[in-house]
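Here's a quick briefing to read alongside the model. Have the sequence and the 3D view open as you go.

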Amino acid sequence: MRDEDEAITDDRGPHGHAPVLLREVLEILRPAAGESAVDCTAGRGGHAVALATAVGPTGRLAILDVDQGNLAYASARVSEEAGFAPYAVHANFAGVARALKGIGGTPGFSADVVLADLGFSSTQMFDPARGFSFAQDGPLDMRLDPTSGTTAAMLLRSLPERELADILFKLGEEPLARVIARKIVAVRGREPMESTAQLARLVREAYGPRARRSRLHPATRTFMALRIAVNDELGALRSLLEAVQSAAHSVADGATSWLRAHARVGIITFHSLEDRLVKHSFAELVRARVAAPLTRKPVVASDGEIAANPKARSAKFRAIELGHSDRHGRRSYDP
Ligand SMILES: C[S@@+](CC[C@H](N)C(=O)[O-])C[C@H]1O[C@@H](n2cnc3c(N)ncnc32)[C@H](O)[C@@H]1O
């Protein structure tokens, strides 16, 4: 479970977001001069600049983000700091293969290195207009892509009580899911549910005196669950993992795909449900002997990084390398 209270700690730095596990990502994914890299979650460009610098102007970088503001910021930052422009695509990484088909000429972009750093950036979190935070009042939006999809307010208006409770329980591991869902349904019958402060107040009321015993703000888990539901974050991750699975098998069969032979793929998660999906999907590829693990256990942030950027506390990084491996997951070639 992600400690969302960390997310409200100010770790913004000069670009509004500090990239987590940066050194570890570079050491493990080993982007090299002339290679092609994809950053599926450009955000504020911290990882993207490092990938661009490593592949250099003889290499290529594609960056994706559902948030056009972040995408434009990261793209400008890469151009300025790495000295060449990335291919910037406003797309959900759920459709990464399709998104890359359209760039870099025919047959499209094929990657040596892929990174996804899941969740939201600090700039999104700290902008009250985006509705992610209960610390400042704002509209109950929570869409990572504010140009499309269903807002949190719409979900709260339309979902039956049982479905609301399931979302809070499954995605937020909220122990009072049923009580909070009941309260939401009672309140929405009397007044429109539109603001983050209103929802935070309602959850606090549902907690009653138990709020004092809670280490986290009582609304932490409710906000996290709604954000994951609004953006279908687990669905998008499943699709990304399926795209990696399918490409790994194509590559093993000698076919072309959006991943190159020996592509390295790494994913940073912040939530136990996400980490479980990544762990199982990567293990399946290793069992099928079409990939080798680059991380035997999830890589976590050092104490120093956590002290500087508390949000890194819940980050877990796992990576694989495509290519045939033996039954112990060892690569059958000399890397
Ligand atoms: C944790 S931030 C990435 C930060 C980035 N690595 C950096 O160094 O600045 C996550 C970013 O991914 C984007 N994002 C989240 N889910 C996405 C998805 N399914 N497809 C594309 N972008 C997504 C968010 O809009 C946000 O900008």
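The protein splits into two parts, domain 1 (4-122 + 233-322) and domain 2 (148-230), with bounds that come from an automatic or database domain assignment. Keep in mind that this is a predicted model: local features need pLDDT of at least 70, side-chain atom pairs count only at pLDDT 80 or more, and totals for chains, interfaces and linings use all residues. Residue numbers start from 1 along each chain as its sequence is written.

**How the domains meet**

- Four residues of domain 1 are in contact with six residues of domain 2, where contact means that the C-beta atoms, placed from the backbone, lie within 7 Å.
- On the domain 1 side, α1 (4-7) and α12 (233-252) are the elements that give two or more residues to the touching face.
- That side of domain 1 has one nonpolar residue, no polar ones and three charged ones. Here Ala, Val, Leu, Ile, Met, Phe, Trp, Tyr, Cys and Pro count as nonpolar, Asp, Glu, Lys and Arg as charged, and the others, Gly among them, as polar.

**Overall build**

- The protein has 14 helices and seven strands, which are DSSP runs numbered from the N terminus (helices: H or I, at least four residues; strands: E, at least two).
- Its radius of gyration is 20 Å, close to the 20 Å that the globule rule gives for 335 residues, so the protein is as compact as a globular protein of that length. The radius is taken over C-alpha atoms, and the rule is 2.2 Å times the number of residues to the power 0.38.
- Along the principal axes, the C-alpha atoms fill a box of roughly 65 × 45 × 40 Å.
- Of the contacts between residues at least 6 apart in sequence, 69% join residues at least 24 apart.
- Of the 335 residues, 50% count as buried, meaning that 20 or more other C-beta atoms, placed from the backbone, lie within 10 Å of the residue's own.

**Helix α11**

- Eleven of the eleven residues of α11 (residues 220-230) are buried, so this helix is largely enclosed by the rest of the structure.
- Among them are Phe223, Met224 and Leu226, along with Arg221 and Arg227.
- After α11 comes aspartate 232, with a positive phi near 45°.

**Around the ligand**

- The ligand is surrounded by 23 residues, and the closest are Pro19, Thr41, Gly43, Arg44 and Gly46; a residue counts as near if its C-beta atom, placed from the backbone, lies within 6 Å.
- α3 (46-55) and β2 (60-65) each supply at least two residues of this shell.
- By class, the shell has nine nonpolar, ten polar and four charged residues.

Note on methods: A residue is buried if 20 or more other C-beta atoms lie within 10 Å of its own, exposed if 12 or fewer, and partly exposed in between; C-beta atoms are placed from the backbone. Two residues are in contact if their C-beta atoms, placed from the backbone, lie within 7 Å.
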